[in-house]
Structures are given as structure tokens and as C-alpha cells.
Amino acid sequence: MLEADRIYNFNPGPAAMPLEVLKEAQAEFLNFNKSGMSIVEISHRAKAYDEVHNAAKADILELMNLSADEYEVMFIQGGASLQFAMVPLNFATADKKGYYALSGQFAEKAYDEANILGVGEVAASTKEEKYVRVPRQSEIKLADKAAYLHICMNNTIFGTEYHYVPETNGIPLIADMSSDMLSRPLNFNKFSLIYAGVQKNLGPAGVVLVVAKKSFVENSPTTLPTMLRYNTFYKKNSLYNTPPAFCIYMVGKVAKWLKSMGGLSKMHELNKKKAALVYDAIDGSNGFYRGHAEKDSRSLMNVTFRLPSEDLEKKFVAEALENKLGGVKGHRSVGGMRASIYNAMPYEGCERLADFMNKFRKENA
Ligand SMILES: *Cc1c(COP(=O)(O)O)cnc(C)c1O
């Protein structure tokens, strides 16, 4: 085992997985559940797979404190990017448009897909401010006959996150939670549909977790091809066609791991402590590190900051890696650094990053 060679992985996505989960999958890989076959070799109609599939669904609802009578968990391929299109295809029309709060690049991409279909409207935007914060409740404007409000809960690239759930007065609320799904408890009942590409916080790339109110997804437009309708996935328990079984198996393991960690309240406490280590290193640096996000919009998942010069930023990335801190380079559209500290990043990883930041500042300020 080369565990000692593993680094602290701050990649934005695909991202770090809990070590316990990786080890468990490794141990089971050749012979899943005494079947004599690997999980990637068995039929998706086999009983052994069925158990994996349904346990993952049940554990996710339990973590979210949602009722299986009211909510359905679906597994859909095509990435969060396909959800950008499926949402307006299923719910918006030219006279009942989808409304979008623009808070970053992924929120814009979701809006762009609705626009291609001619069914998108802007409800709010912080683009003028370079997305340093998420829109405030008072800035979100919805028409009475809006089909939904779409928000991006955590803006992976800019490092901002909603710390409130927008009130929509009965208009369905839809959220892209790709980069903060299951990182904290929320009043998930307020959402009609939530989706998350799992490769940030929940598993390996290849599946999107969609959690939706059954009443919201039971009827899809019959003009849509089968695989683009939510109700295909709902009515067939996400087994209409071959599901990405390995991804779902891994997501199920992560859900079990989250339960063993004490659930979402415990994860939230831990995530706040982890993020505080890194933000304190920024705030205590006398301006050497400059955070991108305004304080009340700071993400607990992606910490974005700049250094005094691009040369120092390059040096920071290189020296961080020498210290086993990988993946800290920021997205090209924001520049600087981004430390992604999802659920699977241990506290020690953030401690080590904060120590490194303090040391680097003293040596280079
Ligand atoms: C990564 C990301 C996406 C894009 O996900 P894909 O699965 O690559 O399509 C969308 N939204 C958010 C918030 C993301 O972080």
C-alpha cells in the first residue's frame, strides 16, 4: 500500500474521496458480495446490484431528512451540464419561463441552455461585481408565472455559496448543488429539484444525483425523447437503461461514510472549522493573500484567493506540491488559488495548508 505517498488533494473536481471509501472499494473490487464477480461485471438487474442501488437512494434521503413518499432520488448521466438542458426542457415554456439567478460561470451556463430554447429569464445577477457574492433575497425578481427559480448553490469557480435558501413564494425552486451537495443540512423540503454532478463531493465522475419532489417530476412533456424526461428515471427507479453501476456503488459508500461521520450537521461543523483555518490564513496575512469572495458569501467548499503577483502564485503552487498539497491552482477565469475542501478533505489537510500559507507569506512578503 502506498498510502504514505498520497497527497492532500485540493482539486476542484474530480476531487478527493474519503480514504476509507477507496480502501473498501479496493478490498471488494475482485469479488463483490461473494458473487465471484466485480461490481463492474454484474448485471444491473441482479439482486446484489438492486440492493446497492436502493440502499444508496434510501441513505441519501435519510441524510437529507426527506421522506421517500414525497421525494425521489434519481441517477442520471450526462453530467450537471445535461441538467442545465433537462431542467428547461422539462419545466419551462415560452410563456412560462425559467428564471435564473446568475452567480457564476455554471449558473450562466444553465441560463444559456434555457436561452437556446428561448425559455430563460434573468432573476438576478452579480456579474457586474465579478461574482464576488451571491445575489441577495431582495435582488431576486420573479414573475408571477415563472416556471421556476434556478440557483447555483455553491459557485465552484468563484468560491461563493448561498448561506440562505431563497424564498420563492410558491414558485418551484431548483438548485445546482454539484459542489456542496451533502456538505451541510438545509431545509431541503424547500426545493422542488436538486441536482449534483457527483464528482465534486460524492463520488467518481459519471453520474448526477437528482433529488426531486415526486409531484414535480411525475409528468414530463411527451414531446421529449425518453432519456430527456425526468419521469422516465422516476418511474423506472433510474433503471430504464443500464445505469453507471460503479458510480452509484461509490456514491452509496460515500453516503454510508457520511452517516458514520454523524450526518450532515456533523459534516457542517467540521467543514466550518476546516474553512476557518484557510480563511484565517487569508485574513491574518495583512493583505498578502486577497480572498475573492465577500465575507458573507464565502464558500465552505472552495476557497479562492490571490497573491501579490503571478510569479508568487506560480511559486506557491510549486512549493505547495512539494509539501504534498496538490491541486491549489485557481480557475483561469478568476486566477490565483483555489483550495477545494469538500467533505473528503480531512481537517489535517486544511491545517497543513494554513501552516504552509503562513510560512510562505513570511518567506515571501
Ligand atoms: C462542476 C460543476 C458543473 C459541471 O458539471 P459536469 O458534471 O462536468 O457537467 C456544474 N455546476 C457546478 C456547480 C459545478 O461545480
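**Salt bridges, burial and backbone exceptions in a predicted model**

Arg298 and Asp283 form a salt bridge, with 2.8 Å between the closest N and O atoms. The two partners come from separate parts of the chain, 15 residues apart: Arg298 sits in the loop between strand 11 (290–291) and strand 12 (302–306), while Asp283 belongs to helix 8 (residues 263–283). Their surroundings can be described in terms of accessibility. Arg298 has 12% relative accessibility and therefore counts as buried, the limit being 20%. Asp283, at 39%, counts as partly exposed. The structure discussed here is a predicted model, and every value quoted is computed from it.

The whole structure contains 18 salt bridges. One of them joins the side chains of Lys256 and Asp59, at an N to O distance of 2.8 Å. This pair also connects distant parts of the chain, since Lys256 lies in helix 7 (residues 245–260) and Asp59 in helix 2 (residues 47–64), 197 residues apart. Lys256 is partly exposed, with a relative accessible area of 47%, whereas Asp59 is buried, with a relative accessible area of 6%. A further salt bridge links Glu108 and Lys127, whose closest N and O atoms are 3.3 Å apart. Because Glu108 lies in helix 4 (residues 105–116) and Lys127 in the loop between strand 4 (120–125) and strand 5 (148–152), the pair ties together parts that are 19 residues apart in sequence. Lys127 is partly exposed, its relative accessible area being 47%.

Shared partners extend one of these pairings. In general, side chains of opposite charge can pair when their charged atoms come close. Arg229 presents a contrasting case: it is buried yet has no salt bridge, and the nearest side chain of opposite charge, that of Glu218, is 14 Å away. A salt bridge requires a side-chain nitrogen within 4 Å of a carboxyl oxygen. Arg229 is located in the loop between helix 5 (214–217) and helix 6 (230–235). Beyond its neighbours within four places in sequence, Arg229 is in contact with Met86, Asn90, Ser220, Pro221, Thr222 and Leu224.

Phe360 lies in helix 10 (residues 347–364) and counts as buried at 1% relative accessibility. Apart from neighbours within four places in sequence, Phe360 contacts Phe288, Tyr289, Leu307, Leu312, Lys315, Phe316 and Glu319. The C-alpha atom of Phe360 is separated by 50 Å from that of Phe91, 269 residues away along the chain. Phe91 is in turn among the residues touched by Ala147, together with Ala92, Lys96, Lys97, Gly98, Ile171 and Pro172, when residues up to four places away in sequence are not counted. Ala147 lies in the loop between strand 4 and strand 5 and counts as buried at 7% relative accessibility.

The peptide bond from Gly13 to Pro14 is cis, with omega near -10°, and Pro14 lies in the loop between strand 1 (8–9) and helix 1 (19–28). Asn65, although not a glycine, has a positive phi of about 60°; Asn65 is found in the loop between helix 2 and strand 2 (71–76) and is exposed, with a relative accessible area of 66%. Ser238 likewise is not a glycine and has a positive phi of about 55°. Ser238 is found in the loop between helix 6 and helix 7, and at 2% relative accessibility Ser238 counts as buried.

The protein chain comprises 10 helices and 14 strands. Its radius of gyration is 21 Å, in agreement with the value near 21 Å for a compact globule of 365 residues, and its C-alpha atoms fill a box of roughly 65 × 55 × 30 Å along the principal axes. Buried residues make up 54% of the 365 residues. Among contacts with a separation of 6 or more, 66% involve residues 24 or more positions apart. The accessible surface comes to about 15900 Å², and 51% of this area belongs to carbon and sulfur atoms. Finally, the mean positions of the 44 positive and 41 negative charges are 1 Å apart.

Key
Residues are numbered from 1 along each chain as its sequence is written. This is a predicted model: local features need pLDDT of at least 70, side-chain atom pairs count only at pLDDT 80 or more; totals for chains, interfaces and linings use all residues. Side-chain values use heavy atoms; hydrogens and water are left out. Helices (H or I, at least four residues) and strands (E, at least two) are DSSP runs, numbered from the N terminus. Buried means under 20% relative accessible area, exposed over 50%, partly exposed in between (1.4 Å probe, protein chains only). Contact means heavy atoms within 4.5 Å. The radius of gyration is taken over C-alpha atoms; the globule rule is 2.2 Å times the number of residues to the power 0.38. Accessible areas come from the Shrake-Rupley method with a 1.4 Å probe; for residues, only the protein chains shown count as cover. Lys and Arg count as positive and Asp and Glu as negative; His and the chain ends are not counted. The place of a charge is taken as NZ of Lys, CZ of Arg, CG of Asp or CD of Glu.
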